[in-house]
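Hi everyone, thanks for coming.

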Amino acid sequence: MIPELGQFSLILALLLSVLLSALPIAGAHRGEALWMSLARPLSAGVFVFLSISLAILAYAFATDDFSVRIVYAQSNSLLPMQYKLTALWGGHEGSFLLWTWMLSGWMLAVAIYSKSMPLEFVSRVLGVLGFLLIGYILFMLATSNPFDRIVPLAPTDGADLNTALQDFAFIVHPPTLYMGYVGFSVVFAFAIAALLSGRLDAAWARWSRPWANVAWSVLTLGIALGSWWAYYELGWGGWWAWDPVENPPLITWLFGTALIHSLAVTEKRGVFKSWTVLLAILAFSGSLLGTFITRSGLLTSVHAFASDPSRGVFILAILGLSVGGALLLFALRAPLMKSEAGFGLLSREVFLLTNNVLLVVAAASVFLGTLFPMVYQALTDDLISIGPPYFNLIFVPLMMVLVLFLGVGPYSRWKRTSSTYLWQQLGRVALASIVLGVLIPTVVLLRFSLPAMVSMTLAAWIVLTIGKDIRSRVANKAQLKTGLRSLSLSYYGMQAAHLGVAIMLVGIGLTSYFSQERGILLGPGDSVTLNEYEFTFIGTERIQGPNYQADQASIEVTRGGNPLTTLTPQRRIYLASGTPSTEMAIDAGLLRDLFVTLGEPKEGGAWSMTLYVKPFVRWIWLGSLFMAFGACLAAADKRYRRLRLRQEQAAKARGTGGLATASG
Amino acid sequence: MNRLTFFLPVVVFVALAGLLWRGLYLNPRELPSMLIDKPMPAFSLSTIDGQPVSNADLPESLFLLNVWGSYCLPCLVEHPTLMRLAEEGEIPVVGINYKDREELALDWLQTNGNPFAFSISDNSGRFGIDLGVYGAPETYIVDKDGVIRYRHVSVLDETVWQEDFLPAIAELRAESGAAQ
């Protein structure tokens, strides 16, 4: 009975979404304040009923209700409680409910934190989100009902959660990724609302900028978590594989990165308006396309959910209606947008446009590489796969050029910058970067590698330009402290995120070219030296986990005779499904990771195993953290709050209902 | 800028959506329900006791193809039904031992009884992907020409047998009788 209540609640959320997508938008069109005032309560209602659905599904997982089909398919009575609850998003239906619920959460946040915007605009934004929710909830009810039952005889136990998913990262990676993905729906809704209203000034850019920053920040975290997970769980020590399901988040991220930069230009200078709107639509399409690829079975991948063509058709219909409709609206309305200012050939506007073009080209080439196997099969009926060489060949040079511009961009001025000024300021910085980039890998690591030098040079270029920029900005202040304080939060946010790019570059450059690995057969007591680390295999023991048995090896690591750590990799057999799985052991460090994966047992207690030394690999994720943090910092800038205050005062002064309806 | 340039994105999108739509129907390996009325995918594997087995070894009459594993608790639930079918000789049953290990599978059959004419070993799950298997248990009806005619996901107990399989089998037998 309880699961049916969940389904019922889902239907109620659908009905409220229908009202939400119709009344407030119609109200905004006809100027009916009452209809518009329904937008916020309806949004809250949708959120409440979706929350009830989600809670009921979680309850079914927690209480092992195997009569619910997805509980049977994804859970097992032996699972520890944290995995029972998170098994909810271990399959297509549950994860889609989570996705939908998160969209309603974003919508609720917009309803709450939008008091400074005109009610008419808010109504349109929430209405557009309501429209998306109709599509998502209908999709669940029609093709992938999470509350589907196995009747009349419920299975006695579940088929178990995929063992690769029984891991801490599975608890945090999917929700974070979805949260970021879905966040771009909000920016999309802002853009559509602006197109619908025909009020295509810079205001919508100012309103949507904090939202875009937060969504981008969360998406960055989500992708980084996925990469970290792949690194330690999948066992080959790679941190990015260009997997067809890894790529859509990256495509969305690249469009999103272009978008947050373009929004800055539109807000500050009132130019690139139609381009910014287009980017908002593209970033959103990237997120929907990701859903489509993962859930339709269009491409084969480690991530793919069980596939079903009817689902694919349905998502394609949602994609067609929302993105197709949005692009059509764009085609009709965009010509009305006029630039409010001109700019010179060498100006910050042009540097940011270059950034946008590079990012969009990168996103498009990842997109092509991802879909090309399918297109090729459509034309020739042969299967091919496009691997990392293609992506690296295209993506890496584009990013290198982007990083060059990243150094110059913040340095340039709006409207016009003279080339002699740029050269005077940055010529010596460029030289210093090259010197540092060549010296650091050769002197510090005592090894020679051209690609590593290039990435170190680029990283040094970013760090030095940031340093110089901050110095020149505080130079005319009496004291360093007051000078640093006078810089805005969004300025610090930008520099933090850019510093993140430098940190990531160091990580990528050094890990890619200085990692060492060795596959070897070791008997108890044997040792082997890799880099300056000595690994000694002590032996294995049998241990018992909550729902698995494991052989656990102990490997002592010493450097120059000093004991460092003992690594304990495992080979597990999960009891419910009988599937084996390997758990590698990692000794993580800021400067290097040591890790060991266990292979097969051989005679005499010997085991085959692979040892890795990976310098600076943590910096890849550390860099992502800086980027995510920087974007949040920028979103928290007080000028958005000041703006709100000012508008509230203005609304009060005018005596119009702006504030009254907002709080009512 | 020409007004028409603004239509470029929507035109590109429509072309792309058309392509994606076609793509959905392209990859039969990924579309399990599309296998209905299609021949069983070609395979050349071994049985769990190590004999080579391929399409040629399949029964030349209507038979059941049952996906099972020693780890699979629901398989125990449907096991008595399969045993009865095998003992009464109603219809031959061929097993696919899915994502399992041979020694565990043999043990399981030893303990619980073996209803299968033989069990194809698919411990990598690769053949399961070709068939579009969601997971064990799952049962297909395959006709004498090796064409998949019916699919049932999850437990095949007496109720399911009476309500779904018997009518389906009767219909298929009538159809092949009419053809002869």
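A:E93 is buried, with a relative accessibility of 6%; here buried means under 20% relative accessible area, exposed over 50%, and partly exposed in between, using a 1.4 Å probe and protein chains only. Before I go on, this is a predicted model, where local features need pLDDT of at least 70, side-chain atom pairs count only at pLDDT 80 or more, and totals for chains, interfaces and linings use all residues. Residues are numbered from 1 along each chain as its sequence is written, chains are lettered from A and ligands numbered from 1 in the order in which they are written, and side-chain values use heavy atoms, with hydrogens and water left out.

So which residue does A:E93 form a salt bridge with? The partner is A:R69, and the closest N and O atoms are 3.3 Å apart. By salt bridge I mean a side-chain nitrogen of Lys or Arg within 4 Å of a carboxyl oxygen of Asp or Glu. This pair links distant parts of the chain, 24 residues apart: A:E93 sits in helix α6 (residues 92–112) of chain A and A:R69 in helix α4 (residues 69–74) of chain A. Helices are DSSP runs of H or I with at least four residues, strands are runs of E with at least two, and both are numbered from the N terminus.

A:R69 is partly exposed, at 28% relative accessible area. A:R69 also forms a salt bridge with A:D148, with 3.4 Å between the closest N and O atoms.

Over to chain B. The side chains of B:R149 and B:E175 meet in a salt bridge, 3.0 Å from N to O. B:R149 belongs to strand β7 (residues 148–153) of chain B and B:E175 to helix α5 (residues 158–179) of chain B, so the pair ties together parts 26 residues apart in sequence. Over all chains, a search of the whole structure finds 23 salt bridges.

Last stop, some strands in chain A. Strand β3 (residues 533–544) of chain A runs antiparallel to strand β4 (residues 548–559) of chain A, with 11 bridges joining them; strands count as paired if DSSP finds at least two bridges between them. A hairpin through 3 residues connects β3(A) to β4(A), and A:E534 stands opposite A:T558 in β4(A).
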